[in-house]
Amino acid sequence: MKIRNLEEIAEIFSKFKCGKIYYKLLQKNDNSKQQIYLGSDFSVLNIFPNLKINRDQKNSGILKAPLKFSWITDDFLISPAPSAQLILYPQYPEVRFSGFLRGSDGPSAIIGSGCREIGRVLFWGVKENGEILGIALPSDSPLAIHLTAIANPNQDELIKKLVPQSNYDDFHKLLHELKMISKAGWINAIRMDGNGTIKPCKGVNCGGYTLEAKLGIRNNGLSEPDLYGWEIKQFSATSFENPKGGAVTLFTPEPTKGIYREGGVIQFLKKYGYPDQSGIKGRINFSSPHRFGIKNPKT
């Protein structure tokens, strides 16, 4: 794969809808046999979405986290690597990337078992739905030579983040994808679970779940934006001519200070809550709209 500069690598990952790009300059021991060293702590788990952390069946002291990883081939096709995983060795500690070539049409000539050249580079593109795509470049690639020349081993992080540059801003990307969903017509209610599997959905929240699923967003409780730096929200309406609905929740206003944190939820409810108005004995509620600058008579 001939890639000359960072703009070209960013454009390729952007075409596959990768919102985040990371790379590592590979050392001698970084290959499929000795695995690829990613760091001395488990912070890498915050970079690469994993399916689930499990204990190794043969050695309970080793943890493994499977990845939904695929290679982008020279023909710009996707080749899944079903055995790709992160291996966590708590006793050292360190994390290594393993199984990335097994069962795939990956770049074995660059990061295979016998490859030990310094200056090779491995890129990861992370999609919003948790999928990870990879591209590896040889040490004589123009981009690999450039990244090696500007690297500072004493200051640089082991895994570096590349911020894609594009003339097509994120807001218009989002509008384009929403437009494509709108043109699709009526859509049965669905949701995407944490593993990226599409399932039928039943319930009052299925409008939002369906919209997120069509945008490739998994069910999650993360506080960060859903897509392209934006939070995706639904607004339900029974009529397009006269759309009416309730409030749109933008964030969960859970207190970070005061009696709620210092004394706990029960103490908070005893002080600010009110007896259940439907007659449930022993129950204390704290609800109803609370508007800025206006005291709520209930609480």
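**View 1. Helix α3 (residues 142-150) lies across β1, β9 and β10 (132-137).** Helix α3 runs at about 100° to β9. Helices (H or I, at least four residues) and strands (E, at least two) are DSSP runs, numbered from the N terminus. Axes are lines fitted to C-alpha atoms, for helices over the stretch in contact (heavy atoms within 4.5 Å). Angles run from 0 to 180 degrees between N-to-C directions. This is a predicted model: local features need pLDDT of at least 70, side-chain atom pairs count only at pLDDT 80 or more, and totals for chains, interfaces and linings use all residues. Residues are numbered from 1 along each chain as its sequence is written, and side-chain values use heavy atoms, leaving out hydrogens and water.

**View 2. Six strands form an open sheet with mixed pairing.** Their order is β6-β5-β10-β9-β1-β11. The edge strands, β6 (78-80) and β11 (160-162), each pair on one side only. From one strand to the next, the twist averages 30°. Two strands pair if DSSP finds at least two bridges between them.

**View 3. Strands β1 (residues 18-25) and β9 (residues 121-127) pair in the antiparallel sense.** Seven bridges join this pair. Lysine 20 stands opposite valine 126 in β9.

**View 4. Arginine 96 sits in strand β8 (residues 94-98).** Arginine 96 is buried, because its relative accessible area is 17%. Buried means under 20%, exposed over 50%, partly exposed in between (1.4 Å probe, protein chains only). The side chain of arginine 96 reaches the backbone oxygen of glutamine 34 at 3.3 Å. Leaving aside neighbours within four places in sequence, arginine 96 is in contact with residues including Ile36, Tyr37, Leu86 and Tyr89.

Terms used: Polar contact = N/O pair within 3.5 Å; in protein donor to acceptor, adjacent residues only side chain to side chain.
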